[in-house]
Amino acid sequence: MTVFTILILGFLIACSVATCLHRTLFTSIIIFMAYSTVMSVVWAILESPDLAITEAAVGAGITSILFFVTLKKIQAVETMDKEPEGNEQETK
Amino acid sequence: MSRKRSDYRSTFYSRIENFVNGREEFLLYRPTGRTEAEKLESLEAELTEAADLLDKREEQQRIQDHTEPRDFLKRFHKLYGVVATLVCLTMMMLLMITVSWLPRFGNASNPANNEVIKRYIEKGQEETGAVNIVTGLILNYRGFDTMGETHVLFVAASCVMILLLIAEGKEKVSRYANDRQLEPKNDIIVQKVAGFLVPAVFMFGIYVILNGHLSPGGGFSGGSVIGAGLIMYVSAFGFKKTERFFNEHVYKIAKISALCFYICCLSYYFYMGAHGYDNHIPLGTPGNIISSGLILFINIFVGTEVACTMYAFYALFRKGGL
């Protein structure tokens, strides 16, 4: 196992733990996106490039976008300039 | 059976009767349509509504003032964390123990290395004509499995449609307007970057689909790449520009025809295989683009289907329709 592989596997574990433990959902999803991107590199290292393509397109692209849109639908994304209403903050 | 109406005085026939009896001028007189009783009723309804609202607010205040449930919630959250950690650790331990019992990866005497794998690897290219053994395996040897997976995807798309599809009308328009409120419209950076990237993404997706039997990839991967490109285009330029080339009409035609042709191709395989007939479709020379029989066409149809489904998911989530 090369140093590169070990580094990438460590990054995977760190990403998965950070996804679970992070407080805001928005950041969790971005970390999850990073996880999927690194996972596609891992698939390429394991000599299955077809899975790498699918993981990069579905895992990092479409799944995260659907997560973002869902967050927006349930109004869980805080915008930069406008704070959400008081009762919305409490429900989170 | 006739019944007595309490509001007879406000009806059309009572006015005709009054006109006949000479009590009022029919053509000039326009009653407001609401009698005293109705007015009273609506007033009462409003009052009860207001009272209900007040009750609700008082109750909410009581719940907020009450400290006991909050303590209970805090205790519950603490317990929840402890129990969740315990469950996770137990699960991890079980999985680790199971992994330690598994045979060594890549061992020649593993139960997975049987005559099936041997047949696939040795005769796969010869029998299916596909250089990419994985595609030949998925779409030819295990075509029935793949059909089931396609059905799963179709059912998922139907469920999302049942949940999120909004009928034509005012609500759709307002929902769409609400959705676009929060984001910057026509961001120039996103548009420029998308202008460079989207054609490349489309080209890559088409390449992956068309070379599914020669190089890594296939219908599903290429279709999802094209779907991601479509989503990127929509988020950069908005739905109005996308609808010039990809609207509900195109979606329906593309999706339904792709599904039908896909089922036709697979039915041919199933029929010929089940009856023991020879496959009459020429396999061509392995390595050419047009080779490996029906696999190329199945890849194209699956790619179209997947791209449409991915885009439909996004559009349904965003504006409740295509």
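Q: In chain A, what share of the contacts between residues at least 6 apart in sequence join residues at least 24 apart?
A: That share is 38%. Keep in mind that this is a predicted model, so the numbers are computed from predicted coordinates.

Q: And what about chain B, for contacts with a separation of 6 or more?
A: In chain B, residues 24 or more positions apart account for 70% of those contacts.

Q: OK, what are the chains built from? How many helices and strands does chain A have?
A: Chain A has four helices and zero strands. From the N terminus on, the order is α-α-α-α.

Q: Which domains is chain B divided into?
A: There's domain 1 (18–65), domain 2 (69–98) and domain 3 (132–319). The centres of domain 2 and domain 3 of chain B, taken over C-alpha atoms, are 41 Å apart.

Q: Switching topic: how many residues are in the largest nonpolar core?
A: It has 49 residues. Among those with the most contacts inside it are B:Val225, B:Leu230 and B:Tyr311.

Q: Which helices supply at least two residues each to that core?
A: From chain A, helix 2 (25–45) and helix 3 (49–73) do. From chain B, the list is helix 5 (133–141), helix 8 (188–210), helix 9 (219–242), helix 10 (248–275) and helix 11 (295–319). The largest share, 15 residues, comes from helix 11 of chain B.

Q: You mentioned B:Leu230. What does B:Leu230 touch, not counting residues up to four places away in sequence?
A: B:Leu230 touches B:Phe246, B:Ala307 and B:Tyr311.

Q: Now the two chains together. How many residues are in contact between chain B and chain A?
A: On the chain B side it's 18 residues, in contact with 14 residues of chain A. Helix 9 and helix 11 are the elements of chain B that give two or more residues to that side. The largest share, seven residues, comes from helix 9 of chain B.

Q: How do the residues on that side of chain B divide into nonpolar, polar and charged?
A: They divide into twelve nonpolar, five polar and one charged.

Q: Back to helix 9 of chain B. Where is its kink centred?
A: The kink is centred on B:Ala236, and the angle is about 95°. The end C-alpha atoms of helix 9 of chain B span only 23 Å, while a straight helix of 24 residues would span 34 Å.

Q: B:Gly229 is in helix 9 of chain B too. Is B:Gly229 buried or exposed, and why?
A: B:Gly229 counts as buried because it has 25 C-beta neighbours inside 10 Å, and the cut-off for buried is 20 or more.

Q: Which residues is B:Gly229 in contact with, leaving aside neighbours within four places in sequence?
A: Those are B:Val198, B:Val201, B:Phe202 and B:Gly205. B:Gly229 and B:Val201 are 28 residues apart in sequence, but 5.8 Å apart C-alpha to C-alpha.

Q: Last one: is B:Val152 buried or exposed?
A: B:Val152, in helix 6 (residues 143–164) of chain B, counts as exposed because it has 9 C-beta neighbours inside 10 Å. The C-alpha atoms of B:Val152 and B:Ile138 are separated by 16 Å, and the two residues are 14 apart along the chain.

Definitions and conventions: Residues numbered from 1 in each chain as written. Chains lettered and ligands numbered in written order. Predicted model: local features only at pLDDT ≥ 70, side-chain atom pairs only at ≥ 80, totals over all residues. Buried ≥ 20, exposed ≤ 12 C-beta atoms within 10 Å, placed from the backbone. Core = buried A, V, L, I, M, F, W, Y, C linked by C-beta atoms within 7 Å. Contact = placed C-beta atoms within 7 Å. Domains from an automatic or database assignment. Nonpolar A, V, L, I, M, F, W, Y, C, P; charged D, E, K, R; others polar. Expected span 1.5 Å × (residues − 1). Bend = angle between axes of the 7 residues up to and from the residue.
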